[in-house]
Amino acid sequence: MVLLTEPDIDHLPIINNSCKSPSFFNDIPVIDLSKPDSKNLIVKACEEFGFFKVVNHDVPMEFISKLESEAIKFFSSPLSEKLKAGPADPFGYGNRQIGQSGDIGWVEYILLSTNSEFNYQKFASVLGVNPENIRAAVNDYVTEVKKMSCEILEMLAEGLNIHPTNVFSKLLKDEKSDSVFRLNHYPPCPDIQEFNAKNLIGFGEHTDPQIISVSRSNNTSGLQILLKNGNWFSVPPDQNSFFINVGDSLQVMTNGRFKSVKHRLLTNSLKSRLSMIYFGGPPLSEKIAPLPSLMEGEESSLYKEFTWFEYKKSAFKSRLAENRLTLFEKFGASL
């Protein structure tokens with residue numbers, strides 16, 4: 001099975017782990033959406049980690065399995081066939097290249113708009129792939145994950161005593177919401193076994209620019225988060241749960257009370273990793289700024305006001321690892 005172009009280890013990003021490899025972080029906040037105290041726990045998790053795991057959600061397993069099956073079918077196709085669904089412009093199939101600023105990784109992906117009018121015909125010429133099946137699987141899955149995301153954001157607003165509680169969720173529900181959906185496939189890379197002290201980067205360290213991102217993967221490890229103490233920790237995989245990231249936009253809207261978390265993906269030498277991520281974004285024209293209701297006393301805004309279009313454009317031009325919010329911070333403000 002041809003998955004990606006042949007790995008050129010010399011030109012792919014690596015991590016030298018001559019010291020101790022990152023250990024599993026078992027203290028990740030777990031939010032049970034069926035519990036009445038979840039709203040306060042979500043606020044605490046966003047303040048302390050910018051990251052948490054969700055259990056007892058209402059996303060049907062049949063939708064998850066259906067989408068995973070369609071994704072595996074596509075990514076298992078020969079590279080020559082998959083390339084017919086590319087290049088990513090930004091939507092479609094891509095591999096190795098992440099964005100337009102020179103970042104690369106051991107990953108192949110499909111990036112899709114969640115707009116109901118998005119055209120899936122790029123996939124029509126891929127042998128053995130039915131674009132209508134992909135469209136139906138993505139729409140069913142995204143509809144449910146978006147619903148869960150809005151529920152989480154409304155619980156978050158309630159926990160912050162913000163009224164109305166749809167202050168965040170309405171941006172995702174807006175018909176002009178600029179939300180996207182990504183399927184990432186990290187094939188096994190047996191060649192890295194020769195480099196005992198190194199890990200190959202699948203997707204380099206970064207924060208997500210949107211309001212919220214919701215990810216789910218198969219049972220293969222690889223996701224790592226950067227904690228406040230400056231250490232990377234591996235996230236134990238859980239194929240039945242979802243992982244939530246605070247995005248840069250939510251950090252700004254809470255005036256830095258919540259921090260978007262840096263994360264990265266490492267490859268596995270033996271097992272492939274498939275992840276599906278919903279990025280909940282506002283309309284392009286939406287102005288992003290700290291909410292006045294969250295400003296206490298003489299507290300001043302740490303950020304300049306900007307539109308989502310302006311921030312998205314700036315983020316698109318930057319390298320993955322850059323702190324993209326720096327350009328929008330007010331000088332003299334302390335984060």
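This dialogue works through how to read selected features of a predicted protein model.

Student: What does the secondary structure of the protein come to?

Tutor: The model is a predicted one. Its secondary structure comprises 7 helices and 15 strands.

Student: What percentage of the residues in the protein is buried?

Tutor: Of the 335 residues, 55% are buried.

Student: Among contacts between residues at least 6 apart in sequence, what percentage joins residues at least 24 apart?

Tutor: The share is 75%.

Student: How many disulfides does a search of the whole structure find?

Tutor: The search finds 0 disulfides.

Student: Are K66 and D140 buried or partly exposed?

Tutor: K66 is partly exposed because its relative accessibility, 35%, falls between the cut-offs of 20% and 50%. D140, with 28%, is likewise partly exposed.

Student: Which residue does D32 meet in a salt bridge?

Tutor: The side chain of D32 meets that of K35, at 3.8 Å from N to O. D32 counts as buried, with a relative accessibility of 16%, whereas K35 is partly exposed at 45%. A further salt bridge is formed by the side chains of E81 and K84, at 3.0 Å from N to O. E81 is buried, with a relative accessible area of 12%, and K84 is partly exposed, at 40%.

Student: At what angle do α2 and α4 pack?

Tutor: In general, two packed helices are described by the angle between their axes and the distance between the axes. Here α2 and α4 pack at about 140°, and their axes are 9 Å apart. The crossing of these two helices is left-handed.

Student: Which residues in α2 and α4 meet?

Tutor: From α2 the residues are F63, I64, K66, L67 and E70; from α4 they are N133, I134, A136, A137, V138, D140, Y141 and E144.

Student: Where does K146 lie, and which residues does K146 contact beyond its neighbours within four places in sequence?

Tutor: K146 lies in helix α4, which covers residues 131–159. Leaving those neighbours aside, K146 is in contact with L172, K173 and Y278. Its C-alpha atom is separated by 8.8 Å from that of V214, a residue 68 positions away along the chain. K146 is partly exposed, with a relative accessible area of 28%.

Student: Which residues does a cis peptide bond join in this model?

Tutor: P90 is found in the loop between α3 (79–82) and β4 (92–98). Another cis peptide bond joins H163 and P164, with omega about 0°. P164 is placed in the loop between α4 and α5 (169–173).

Student: What is the phi value of N56, and what is that of N255?

Tutor: Phi of N56 is near 55°, a positive value in a residue other than glycine. N56 lies in the loop between β3 (51–55) and α2. Phi of N255 is also near 55° and positive. N255 lies in the loop between α6 (248–253) and β12 (263–266).

Student: Are N56 and N255 buried or partly exposed?

Tutor: N56 is partly exposed, with a relative accessible area of 48%. N255 is buried, with a relative accessible area of 5%.

Definitions and conventions: Residues numbered from 1 in each chain as written. Predicted model: local features only at pLDDT ≥ 70, side-chain atom pairs only at ≥ 80, totals over all residues. Heavy atoms only, no water. Helix = DSSP H or I, 4+ residues; strand = E, 2+ residues; numbered from the N terminus. Buried < 20%, exposed > 50% of the residue type's maximum accessible area, 1.4 Å probe, protein only. Contact = heavy atoms within 4.5 Å. Disulfide = S-S within 2.5 Å. Salt bridge = Lys/Arg side-chain N within 4 Å of Asp/Glu carboxyl O. Axes fitted to C-alpha atoms, helices over the stretch in contact; angles between N-to-C directions. Left-handed = near helix turned anticlockwise from the far one by under 90°.
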